[in-house]
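Biologist: I am new to this structure and would be grateful for a guided discussion. May we proceed by question and answer?

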Amino acid sequence: MSTTAPTSHVLGDRYARELPELAVPWQAAGVPTPTLLLLNETLAAELGLDPEALRTPDGMGLLVGTTVPDGATPVAMAYAGHQFGSYSPRLGDGRALLLGELTDTSGTVRDLHLKGSGPTPFARGGDGLAAVGPMLREYVVSEAMHALGVPTTRSLAVVATGASVRRETLLPGAVLARVAASHLRVGTFQYARATGDLELLRRLADHAIARHHPHAATADNPYLALLEAVLDAQASLVAQWMLVGFVHGVMNTDNMTISGETIDYGPCAFMEAVDPDTVFSSIDARGRYAYGNQPVIAQWNLARLAEALLPLVHTDEDEAVRVLTDLVNTFPARYSAAWTAGMRAKLGLSEDDDGADRLVADVTALLVAARPDHTTFFRALTFAAHGDTAAVRALPGFDARLGRWLEQWRAVDPDPALMERHNPVYIPRNHLLEEALDAATAGDLGPVRELLDVVTRPYEERPGLERYTLPAPPETPFVTYCGT
């Protein structure tokens, strides 16, 4: 395997060195004919990588894992997880590799990680591969989320492999190179706790504190402080999902990060008609991860993290249970504060506006009843804040009750500039994303590139892009799949 890589940076192996019990050194599978489909040049430069060098054979080798720098230790990461409520003690990176850590141009350490790089010891019978469509989906949606200001893993590149992947049919294969603050998950802690090795669990917690929440190290109880930091990060993250209408689709504990970034864009999508029961995933038959359930599931997942941390928090198990339960039970208030602040901004209100919280509560209930398009409604309100209510009054579902609310809201003089910064014009509309992915699978990347250009400038209204603001026709069914 070549060891020449297009970077002056050394790929660190801190995770592999510090937590070898939670990693299996592994090598990416060979790629017959790599072809670069998408490269995030801005992100590459931010990471200190040369975009032009990444286009070379050695550069593409780095992006698919067959070419790594000297001293790097690619590993498949171990973790457990509750999947749809059922515990799986050994999941891990079945088709992914952590290549190592990069220090970006701001001095921040970030993981470079691959998806679709071949089977690992955690593959559980899977082929370890990925298809072009799902990898492009993650690229588009994660970059859209970043542009919306939502904490997320980032997509560096998608490389077609030249091999076919067998799913329902034969599909073109691809590898996604993504970047994250880290890939530590609630499931990582569950795996460490299940080993019964208290020192391993402590080392993992110390690693997470140093990497993401260093203030916790000086707290009276660092591991309790770690949990509190993750509670805050996840409360803020899920609130931001809800504010833009994002439905993750698979909120398993192995898909919840310690950093507070969104990870793993499988059967995800954006809600159009306002409905708390919105589910897109083909495998979520009971709606466990429906739009409106996301805050509740986040708290449930964090309770599993608390269980994993229990022996570190106090030597007396009963006392540990008490303090951890009390802390986890603060999540709803933390989430509510983050969500309410976000809703005030979407409505152009400040905390000092009389009745702001009542206006937030009232419109939330009215939208569930009226079911307008989520994104269109809030953007139309920005015109109303300028004095033109025609757009919002013309929306399907607008009725007398919303009309009364509209006048009450306008009476407090909402700030349209604030609203324009918090209410996007463009999101990755589900039907348009599927249309673009179908074209890409057939060999035409034009629609994906155009969609990327639109959704990575979501707050900037541009002429000629009207179709990207429209919801799907009512009769259009939409279901997403894991892509595995």
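Biologist: In which helix does Glu420 lie?

Modeller: This is a predicted model, and the helix in question covers residues 416-422. The element that holds Glu420 is helix α16.

Biologist: Is Glu420 buried, partly exposed or exposed?

Modeller: Glu420 belongs to a patch of negative charge on the surface, together with Asp413, Asp415, Glu461 and Glu466. Buried residues have under 20% relative accessible area and exposed ones over 50%. Because the value for Glu420 is 31%, this residue counts as partly exposed.

Biologist: Where is Phe84 found, and what is its phi?

Modeller: Phe84 is found in the loop between β4 (81-83) and β5 (86-88). With a relative accessibility of 28%, Phe84 counts as partly exposed. Most residues other than glycine have a negative phi. Phe84 has a positive value instead, near 55 degrees.

Biologist: Which loop is the place of Arg371?

Modeller: Arg371 likewise has a positive phi, near 55 degrees, and is a residue other than glycine. Its relative accessible area is 45%, so Arg371 is partly exposed. The place of Arg371 is the loop between α12 (356-370) and α13 (374-385).

Biologist: How far apart in space are the C-alpha atoms of the "binding site" residues that include Gly92?

Modeller: In an unreviewed entry, UniProt lists Gly92, Gly94, Arg95, Lys115, Asp127, Gly128, Arg178, Arg185 and Asp264 under "binding site". These positions are spread over 173 residues of sequence. They are also spread in space, with C-alpha atoms up to 23.3 Å apart.

Biologist: Is Gly92 buried or exposed?

Modeller: Gly92 is found in the loop between β5 and β6 (96-103). The limit for a buried residue is under 20% relative accessible area. Since Gly92 has a relative accessibility of 7%, it counts as buried.

Biologist: Which residue does the UniProt annotation "binding site" cover together with Asp264, and where does that residue lie?

Modeller: The annotation, from an unreviewed entry, covers Asp264 and Asn255. Asn255 is buried because its relative accessible area is 12%. Its position is the loop between β10 (246-247) and β11 (269-270).

Biologist: How many residues apart are Arg211 and Asp111?

Modeller: Side chains of opposite charge can pair when their charged atoms come close. The side chains of Arg211 and Asp111 form a salt bridge at 2.7 Å, N to O. This pair links helix α7 (residues 198-212), which holds Arg211, with strand β7 (residues 109-115), which holds Asp111. Both residues are buried, and they are 100 residues apart.

Biologist: Which network includes Glu138 and Arg178?

Modeller: Glu138 and Arg178 meet in a salt bridge at 3.0 Å, N to O. Glu138 lies in helix α5 (residues 132-148) and Arg178 in strand β9 (residues 170-180), so the pair ties together parts that are 40 residues apart in sequence. The salt bridge of Arg334 and Glu228 (2.9 Å, N to O) is another pair in this model. Salt bridges that share partners form one network of Lys115, Glu138, Arg178, Arg185 and Asp264.

Biologist: How many salt bridges are there by this rule?

Modeller: A pair counts when a side-chain nitrogen of Lys or Arg is within 4 Å of a carboxyl oxygen of Asp or Glu. By this rule, the count is 34 salt bridges.

Conventions
Residues are numbered from 1 along each chain as its sequence is written. This is a predicted model: local features need pLDDT of at least 70, side-chain atom pairs count only at pLDDT 80 or more; totals for chains, interfaces and linings use all residues. Side-chain values use heavy atoms; hydrogens and water are left out. Patches are made of residues with over 30% relative accessible area and no salt bridge: like charges are joined within 9 Å, nonpolar side chains (Val, Leu, Ile, Met, Phe, Trp, Tyr) within 5 Å. Accessible areas come from the Shrake-Rupley method with a 1.4 Å probe; for residues, only the protein chains shown count as cover. Lys and Arg count as positive and Asp and Glu as negative; His and the chain ends are not counted. The place of a charge is taken as NZ of Lys, CZ of Arg, CG of Asp or CD of Glu. Helices (H or I, at least four residues) and strands (E, at least two) are DSSP runs, numbered from the N terminus. Buried means under 20% relative accessible area, exposed over 50%, partly exposed in between (1.4 Å probe, protein chains only). UniProt positions are given in the numbering used here, feature names are shortened, and annotations may be inferred rather than shown by experiment.
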